[in-house]
Amino acid sequence: MAAGLEEAFGAAGEFGGGQRRLTAFLVLLQVYVACQSMLIVLVGAVPEYHIDQEGIPVSRAELPKHIHFADNFTSIVTEWYLVEQEAYKVSLASSLFFAGLLIGNITFGPLSDKLGRKPVYISGLFFDVVFGYVTALAPNYDVFAVSRFFVGIVNGGMALVSFVLTQEYVGKSFWSFTGSLTNLTFAVGIAVYALLGYYVREWRYLTLVSNTPGVIFLLLSFMLPESPRWLYSQGKIAEAEDVLQYIALGNGRERLNIKLKPSTGTLRKDESAPGILNLVKHPVLRWRTIILMYIWYVCSFVYYGLTLNAGELRGNLYLNVALSGLVEIPAFPLCMFFIEKSWSGRRKTTTCFLIFAGFACIFTMFLPADAETLAWVSVPCPADLGAFWLHLCHL
């Protein structure tokens with residue numbers, strides 16, 4: 001029986017047992033992604049220190065003789081004495097990571113469209129693990145900073161493609177659920193990273209422990225099927241049918257008696273694939289693209305600003321980092337509730353949450369700065385309020 005792709009998904013199952021296992025695997029990968037993304041928060045943390053008043057160092061070579069760090073944890077700051085005039089290097093390493101993230105997000109999407117989801121995803125994860133170990137074993141700051149740049153490229157690109165795979169394994173009616181679940185797991189991953197940091201206080205060991213799960217994910221990823229939606233869009237009908245049969249069997253269904261209809265969107269060999277210019281050719285699509293890009297820019301700018309700043313807040317370092325992730329968990333059920341309702345939908349939900357996020361951030365400007373007034377409350381709470389609403393906007 002000839003059928004379209006969505007009909008075939010209906011027969012194979014939109015979110016059966018096999019698809020839940022595939023989704024769970026890729027969703028759990030977000031814990032690893034979060035550890036890499038938030039690495040600098042603990043690895044670049046500045047412990048309490050003092051510089052001897054007598055014989056103030058006049059050169060960087062003399063600084064190690066006169067500076068004394070608290071011994072409760074180590075970081076790149078304590079190893080390479082990134083204080084005073086050298087303090088900017090911690091922020092520089094973080095900026096390099098996000099510069100790489102930008103490049104990875106721009107390049108990996110088109111690559112996965114051309115070469116396939118699975119090979120691009122696995123390649124990105126492989127190099128993510130490799131450069132993650134380079135970070136842990138870096139002999140000096142320069143190698144550390146460069147490795148963070150390359151981790152940003154492959155981590156961002158790999159995470160993007162894995163997200164697409166998560167969506168393309170399931171039926172359309174479950175896209176909002178799997179997308180929200182992915183973001184929720186990233187938030188949990190931040191708390192997991194804080195827990196690891198609490199027990200592993202040496203920064204090189206912490207980096208190794210945070211990176212090693214990537215090896216397990218890499219080995220298991222070879223068992224993943226290619227995206228049936230990508231195969232179908234490329235005219236690889238037989239291979240798409242094989243993957244759908246695999247999904248159906250994994251869902252406990254009988255072997256499908258379905259033949260896919262050729263995709264109407266399949267390109268001929270002499271045709272070029274649609275490019276980014278298609279987003280700006282038409283006025284309506286152009287303005288929608290600009291508005292959404294600006295929203296994503298603002299959300300990412302403020303969200304990561306709040307999250308990465310968790311290490312600078314007063315109070316317990318590890319609790320602050322954990323709370324910056326855990327506070328986002330309520331965003332998942334709230335997002336699922338509102339975006340599926342006909343009276344709210346995606347546009348109204350996004351608008352309202354953006355307004356609340358803005359007011360939450362403005363609210364922090366009027367909080368008293370004295371420690372005594374805030375003695376009863378954990379300091380990250382105001383920032384977490386902003387992060388909570390911003391996470392809703394991310395979803």
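So, how many helices and strands are in the protein chain? There are 19 helices and four strands, taken as DSSP runs (H or I of at least four residues for helices, E of at least two for strands) and numbered from the N terminus. Keep in mind that this is a predicted model: local features need pLDDT of at least 70, side-chain atom pairs count only at pLDDT 80 or more, and totals for chains, interfaces and linings use all residues. Numbering runs from 1 along each chain as its sequence is written, and side-chain values use heavy atoms, with hydrogens and water left out.

Of the 395 residues, 47% count as buried, meaning under 20% relative accessible area, with exposed over 50% and partly exposed in between (1.4 Å probe, protein chains only).

Now look at helix α7, residues 117-136. From first C-alpha to last, α7 reaches 29 Å with its 20 residues, close to the expected 28 Å, which is 1.5 Å times one less than the number of residues. Its buried residues include Val 120, Tyr 121, Leu 125 and Val 129.

And what makes up the nonpolar surface patch? Phe 126, Phe 127, Val 130, Val 134 and Val 143 do, over about 350 Å². Helix α7 gives the most, four residues. Val 134 is in that helix, and it counts as partly exposed because its relative accessibility is 31%.

Terms used. Patches are made of residues with over 30% relative accessible area and no salt bridge: like charges are joined within 9 Å, nonpolar side chains (Val, Leu, Ile, Met, Phe, Trp, Tyr) within 5 Å. Accessible areas come from the Shrake-Rupley method with a 1.4 Å probe; for residues, only the protein chains shown count as cover. A salt bridge is a side-chain nitrogen of Lys or Arg within 4 Å of a carboxyl oxygen of Asp or Glu.
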